[in-house]
Amino acid sequence: MPTANDPNATKPTATAAANTDTSSVSSSSGQKPTPGRIVTFMNGDQPEAAMIVGVHSDTVCTLRVWNAGGTPRVEASADLGTGPGTWRWPTRL
């Protein structure tokens, strides 16, 4: 069995460490919010198209939101969630 002082012992690589690091994951979807990402904003029970324009944390973002008529507006400090006034990752079909 190799020991810590064994020169033939297998050492972890940076790639292996990066593949197991989950500190940057914002949700169970495994996605991290960054400017330019497309998300869904819930305006009441109506989903609206939105783009992340600012990131405050892994769950709080400033969004540019477009209603069904195409009129844009800004939603500052929207939380990741499923209820009214929150954003979420689009459903994959």
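**View 1. The largest nonpolar core of this predicted model consists of 10 residues.** Its members are Val39, Phe41, Ala50, Ile52, Cys61, Leu63, Val65, Ala78, Trp87 and Trp89. Strand E1 (38-43), strand E2 (46-55) and strand E3 each contribute at least two residues to this core. Strand E3 provides the largest share, 3 residues. In soluble globular proteins, nonpolar side chains tend to be buried together.

**View 2. Leu63 is shown with the residues it touches.** Leaving aside residues up to four places away in sequence, Leu63 is in contact with Val39, Phe41, Ala50, Met51, Ile52, Val53, Arg73, Val74, Glu75, Ala78 and Trp87. Leu63 itself is a member of the largest nonpolar core.

**View 3. Thr62 lies in strand E3, which spans residues 60-66.** Thr62 has a relative accessible area of 15% and is therefore buried, since the cut-off for a buried residue is under 20%. The side chains of Thr62 and His56 are joined by a polar contact of 2.7 Å. Beyond four places in sequence, Thr62 touches Met51, Ile52, Val53, Gly54, His56, Val74, Glu75, Ala76 and Ser77.

**View 4. Thr86 belongs to strand E5, residues 86-88.** The relative accessibility of Thr86 is 12%, so this residue counts as buried. A polar atom of the Thr86 side chain lies 3.4 Å from the backbone nitrogen of Thr82. When residues up to four places away in sequence are not counted, Thr86 touches Thr40, Phe41, Met42, Asp79, Leu80 and Gly81. One of these, Phe41, is also part of the largest nonpolar core.

Technical notes. Residues numbered from 1 in each chain as written. Predicted model: local features only at pLDDT ≥ 70, side-chain atom pairs only at ≥ 80, totals over all residues. Heavy atoms only, no water. Helix = DSSP H or I, 4+ residues; strand = E, 2+ residues; numbered from the N terminus. Buried < 20%, exposed > 50% of the residue type's maximum accessible area, 1.4 Å probe, protein only. Polar contact = N/O pair within 3.5 Å; in protein donor to acceptor, adjacent residues only side chain to side chain. Contact = heavy atoms within 4.5 Å. Core = buried A, V, L, I, M, F, W, Y, C linked by side-chain atoms within 4.5 Å.
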